[in-house]
Amino acid sequence: MTDTIAIPHSDERRSIEQGLDAYRALPIKQQPHWPDEAELERVRRELRAAPPLVFAGEVDMLRDRLAAAAEGRAFLLQGGDCAETFAGATADNIRNRVKTILQMAVVLTYGAAMPVVKMGRMAGQFAKPRSNDHETRGDETLPAYRGDIVNGYDFTLDSRTADPERILRGYHMAASTLNLVRAFTQGGFADLRQVHSWNKGFAENPLFARYEALAAEIDRAVRFMEAAGANFDELKGVEFFTGHEGLLMDYERPLTRIDSRTGLAYNTSSHFQWIGERTREIDGAHVDFFSRVRNPIGVKLGPTTTPADMEALVDKLDPHREPGRLTFITRMGARRIRDALPPLLEASKSLESTPLWVTDPMHGNGITTQNGYKSRRFDDVVDEVRGFFAAHRAVGTFPGGIHVELTGDDVTECLGGSEDIDELGLESRYESLCDPRLNHMQSLELAFLVAEELRD
Ligand code: PEP
Ligand code: MN
């Protein structure tokens, strides 16, 4: 499409820029209260002049890949922290997360017999929506933690006060994270044979014996490729994209640029942004802003979404009905997905739109344990995934991907899985500042279960 669009004149550029600022006049949710407007403006100016984090051509490539997934020819795997932190942006952490996603992707590729589009909730997943603007502990009430790009987690007034300088730190953290992700995924770390050998280690663990048969099939397939002379050098690097919730407008807007090749606006903070369940009002600031960028856009849909809400989002965000443009990430909850999803899928069939449908089996399944942890049961996560596949099977639409909160480390935040983490077990290594994540083993286990669904 882009090659048919002429590069706009300066008047047109001005009108695109003005359009990008239209959100400022609209109702907006979940933005911090910045104490110092002059300081904020200085930060925005600095960010406007900073280099883009991704190139518009990569964004176009992702749109093509997502179009294939929307049309049933590929599968999307999105994963990473609920909230990245500045302290957590270490080499080990980043490597483990990338490794986990690569391992899951190999299993899913086999299960789906299709390319798997790999995307991290990484290199920009710093801003968080909150249910309350404030948090009270004892008799003290302070602003809620909104993610490291806004304020600090420590419960003091100083730390909880929004600091615009953090936006710049967020940008630099995203840049260095992305740099390492690119190095890992292009520099040999992602070699298929290596990733496969990690997976063999997983399946050899007696706890995961039930996945042995599938793992053995994958092993045969890899050995077959080897015997048949497949070029493994070409499988040393993989495409890896970044995505995060497009939430904090003082970060997203300055990083949105007009691409010199096409004259169109691209949000260069990451390849993909999604609009959260709490900020997806049709007349709100976020939907307006993201309707104006060329990036593929996601929208989270919770269990109260009506077909009319969904249709309005399609009309606003995908008026040209372009496959790959729009992804719906459903997060219904295991108990509701079988009722709540089919009507949306049915309605989408008559819109001549091809959204990519992805399941987020995390956000509708939150619980608080007796000992006070925010957690999720692995079984509920799996049940929501199964409900997602069942709903698509019943309606005849394509279940195109999964979106999960995960870490490559051995944390104890979600209950269950074959390692059978129980409530007391949560105490040993609960590290998330926000939502509970699947740990490395739980993530791989989920990939094996999803691979089984994809084969059915
Ligand atoms: C999230 O993805 O961390 C999140 C806040 O999700 P949702 O918008 O679906 O609640
Ligand atoms: Mn979350």
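Trainee: Hi! Why does C82 count as buried?
Mentor: Hello! C82 has 22 C-beta neighbours inside 10 Å, and the cut-off for buried is 20 or more, so C82 counts as buried. Keep in mind that this is a predicted model.

Trainee: Got it. Where is C82 found in the chain?
Mentor: C82 sits in the loop between β1 (75–80) and α4 (91–112).

Trainee: And which residues does C82 touch, leaving out those up to four places away in sequence?
Mentor: With those set aside, C82 touches E405, S432, C434, D435 and R437.

Trainee: Which residues does the UniProt annotation "binding site" cover?
Mentor: According to the unreviewed UniProt entry, the "binding site" annotation covers C82, H363, E405 and D435. These positions are spread over 354 residues of sequence, yet they cluster in space, with 10.0 Å as the largest C-alpha distance.

Trainee: Nice. Where does H363 lie, then?
Mentor: H363 is in the loop between β11 (356–359) and β12 (366–368).

Trainee: Why does H363 count as buried?
Mentor: H363 counts as buried because it has 21 C-beta neighbours inside 10 Å.

Trainee: Let's move to the ligand. Which residues surround ligand 1?
Mentor: The residues around ligand 1 are C82, P129, E245, G276, E277, R278, K300, R331, H363 and D435.

Trainee: How many of the shell residues are nonpolar, polar and charged?
Mentor: The shell around ligand 1 has 6 charged residues, along with 2 polar and 2 nonpolar ones.

Trainee: Which residues are on each side of β9?
Mentor: I297, V299 and L301 are on one side, with G298 and K300 on the other. Both faces of β9 are covered. In a regular strand, side chains alternate between the two faces of the sheet.

Trainee: How many bridges join β8 to β9?
Mentor: There are 3 bridges between β8 (residues 272–275) and β9, and the two strands run parallel. As an example, Q273 has I297 in β9 as its bridge partner. Together with helix α10 (residues 285–291), β8 and β9 make a right-handed β-α-β unit.

Trainee: What about β10, how many bridges join it to β9?
Mentor: β9 and β10 (residues 326–330) are joined by 5 bridges and run parallel. V299 is opposite F328 in β10. Between these strands the chain crosses through helix α11 (residues 307–317), and this β-α-β crossover is right-handed.

Trainee: Great, thanks for the tour!

Technical notes
Residues are numbered from 1 along each chain as its sequence is written. Chains are lettered from A and ligands numbered from 1 in the order in which they are written. This is a predicted model: local features need pLDDT of at least 70, side-chain atom pairs count only at pLDDT 80 or more; totals for chains, interfaces and linings use all residues. A residue is buried if 20 or more other C-beta atoms lie within 10 Å of its own, exposed if 12 or fewer, and partly exposed in between; C-beta atoms are placed from the backbone. Helices (H or I, at least four residues) and strands (E, at least two) are DSSP runs, numbered from the N terminus. Two strands pair if DSSP finds at least two bridges between them. A crossover is right-handed if, with the strands pointing away from the viewer, the path from the first strand over the helix to the second runs clockwise. A residue is near a molecule or strand if its C-beta atom, placed from the backbone, lies within 6 Å of it. Ala, Val, Leu, Ile, Met, Phe, Trp, Tyr, Cys and Pro count as nonpolar, Asp, Glu, Lys and Arg as charged, and the others, Gly among them, as polar. UniProt positions are given in the numbering used here, feature names are shortened, and annotations may be inferred rather than shown by experiment. Two residues are in contact if their C-beta atoms, placed from the backbone, lie within 7 Å.
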